[in-house]
Amino acid sequence: MKPIYLDNNATSSVAPEVRDAMLPFLGEFYGNPSSMHLFGGQLHRQVEDARAQVAAIIGADPSEIIFTSCGSESDNTALMSAVETFPAKKHVITTRVEHPAVLNFAKHLGRKGYRISYIPVDSQGRFDMDAFMKSLDDNVAIVSVMHANNETGVVFPIAEIAAILKERGILFHTDAVQTVGKIPINVKELPVDMLSLSGHKLHAPKGIGALYVRKGTRFYPYLIGGHQEHGRRAGTENVPSIIALGKACEIAGKNISTEIQYVSRLRDKLEKALLEKCPDARINGDTINRLPNTTNISFEYVEGEAILLRIDKHGICASSGSACTSGALEPSHVLRAMGVPFTAIHGSVRFSLSRYNTEAEIDKVIEIVPPIIRELRELSPFGRDKLQACRAPRSTE
Amino acid sequence: MWEYTDKVKDLFLNPKNVGEIENPDAVGEVGSITCGDALKLMLKIDRETGKIQDAKFQTFGCASAIASSSALTELIKGKTLDEARKITNQEIADYLGGLPDEKMHCSVMGQEALEAAIARYKGEQVVAETHEKIVCKCFNVSEEKIRRVAMENHLTTVEEITNFTKAGGGCGGCVPDIEAILKDLWAVKEVPKPKEPKKLTNLQKIALIQDVLEREIRPKLQADGGDLELLDIEGSKVVIGLRAMCVSCPMGGVTVQGIEAKLKELVSEDIVVESR
């Protein structure tokens with residue numbers, strides 16, 4: 001059974017063209033781009049071409065792109081660089097709904113004595129601009145705000161944030177792992193200082209990412225060693241994956257507007273049908289400023305892992321903010337930060353689409369999911385009357 | 001992704017005994033929707049024989065919660081209340097062919113629902129209704145529950161307590177309290193061994209040395225491809241020969257020291273080990 005893959009915010013398939021582009025570099029062209037001999041050295045040009053392709057998708061100059069091993073490395077590098085280059089500043093600002101690569105790094109800095117401001121979001125998952133303005137002071141080393149949230153798809157007003165920070169001369173990093181290739185970004189108009197992206201979210205393989213660092217930004221490397229990436233990231237270049245990321249960015253950049261239309265139409269169809277067919281279901285997150293491929297729906301009175309495993313029997317792949325699906329016992333920090341009731345968090349399911357999904361697949365999901373929700377509700381002891389008796393546990397933040 | 005056994009998958013996809021019993025003789029409800037799992041167990045009990053004639057359940061929760069509930073009802077049907085009361089959470093997990101560590105709390109939930117139902121049927125005060133000291137406020141777990149589950153399942157670490165009861169898995173604020181409970185619990189168990197160095201007869205000593213080597217030491221060596229042979233015992237000197245992989249192992253000296261430490265601990269303080 002071919003899976004119906006609706007979990008593209010977790011990872012995506014490698015595009016066939018991308019695979020074809022990288023294969024020679026897993027075969028005959030195995031050299032080291034730093035070598036003096038032609039066999040290795042000729043790969044330097046290919047790596048630079050890929051760098052230009054990656055730069056183009058965000059409107060950057062190729063010299064502003066540093067290849068990394070993943071989105072998490074890019075995020076860690078950005079924060080660490082700020083801390084290293086502004087040692088006197090001991091305040092870091094981020095949000096309560098960041099990816100763990102930023103959130104846990106911020107917590108790590110917090111344990112080292114930094115003051116960390118976690119900007120809240122409202123019930124729709126929208127960035128709290130007032131709280132952000134109040135948090136600003138002269139001691140800020142860096143502000144890191146994600147471009148779009150991976151769980152809800154809500155897009156944050158980073159242009160506005162960037163403008164405010166530019167005026168005050170505060171360093172700004174955005175984790176754009178979920179947006180590069182999905183919605184247009186142009187760093188020429190968007191004054192961010194650093195931006196993280198990841199290959200496997202845009203149909204390149206896992207294990208490759210990049211960090212954009214605006215020219216003139218103070219920078220300190222995270223991985224220290226050889227001279228690669230102009231001394232900004234040590235380690236022999238992952239040539240096959242760099243080629244792949246370049247190709248993936250080229251394809252995504254070329255097709256971005258048609259893809260947005262295609263994917264958002266399928267997503268809207270899926271969302272509308274599920275809400276119609278399943279009573280007591282709700283969308284989590286702002287539906288206006290949202291990624292075109294993502295919908296996060298809570299089905300009340302049922303538990304997310306149970307939903308995922310039952311739809312998995314039909315080959316449908318999605319994910320959930322339920323506690324049971326994570327290694328931890330606490331449900332999604334994103335949905336909790338939004339104040340989504342626990343009754344709804346446990347039954348939350350995220351569907352995230354890609355250009356490779358078809359109308360027929362969406363129709364099948366619309367046919368299969370509602371009866372499964374019904375069956376699981378029949379199993380559940382909870383109904384509307386029971387919900388009032390529920391006490392919300394203490395929040396962690 | 002959790003690694004569930006086929007039995008868990010089967011009872012999750014095709015659960016048995018789902019639903020409600022009309023006019024049930026006993027009902028046990030545990031968990032809550034905020035905690036992420038909850039179980040309502042209903043029993044039909046023959047008043048003459050005290051046997052559970054029928055058991056049905058409704059569960060809100062993940063695959064292992066649903067499968068554990070179903071397993072519980074299968075296990076208790078036809079049993080008398082006294083027999084059913086002896087069922088432990090481990091038996092529920094065993095019936096399922098095992099549960100992932102992190103999901104053991106699902107089996108505990110089953111056992112608790114049964115306990116609550118029987119207690120209520122017998123008119124006993126249900127434990128959860130007494131004023132217990134709540135340790136984990138995120139998941140509403142009492143000190144009594146932590147102690148009971150720790151004792152029944154021989155749990156010694158906070159992580160295990162979290163796996164079995166969820167306590168400590170939320171904000172983590174109660175982790176020091178759980179550590180204190182575990183320390184208290186197992187200290188009490190370990191204290192009653194103020195072994196006075198009893199004078200062993202030579203015969204007893206030799207038998208004890210042999211026993212410790214066979215049961216404590218050799219299996220561990222064998223697991224790493226090594227072995228040993230007891231060559232002689234002269235008073236307090238134990239002479240052994242390292243065998244198999246131990247012969248060529250550069251850590252042989254460390255091994256001999258370890259054996260000596262174990263024998264000192266379990267047999268007598270004055271033991272010296274020599275290898276030939």
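Domain bounds here come from an automatic or database domain assignment. On that basis, chain A splits into domain 1 (4–9 + 256–380) and domain 2 (16–252). This is a predicted model, in which local features need pLDDT of at least 70, side-chain atom pairs count only at pLDDT 80 or more, and totals for chains, interfaces and linings use all residues. Residues are numbered from 1 along each chain as its sequence is written, while chains are lettered from A and ligands numbered from 1 in the order in which they are written.

**Domains of chain A**

- The centres of domain 1 of chain A and domain 2 of chain A, taken over C-alpha atoms, are 28 Å apart.
- Each domain of chain A gives 22 residues to the contact (C-beta atoms, placed from the backbone, within 7 Å).
- On the domain 1 side, α9 (239–277), β10 (294–299) and α11 (333–337) of chain A each give two or more residues; helices (H or I, at least four residues) and strands (E, at least two) are DSSP runs, numbered from the N terminus.
- α11(A) supplies the largest share of that side, four residues.

**Fold and extent of chain B**

- Chain B holds 11 helices and eight strands.
- Its radius of gyration, 25 Å, is well over the 19 Å that the globule rule gives for 276 residues, so chain B is more spread out than a compact globule. The radius is taken over C-alpha atoms, and the rule is 2.2 Å times the number of residues to the power 0.38.
- Along the principal axes, the C-alpha atoms of chain B fill a box of roughly 75 × 45 × 40 Å.

Technical notes
Two residues are in contact if their C-beta atoms, placed from the backbone, lie within 7 Å.
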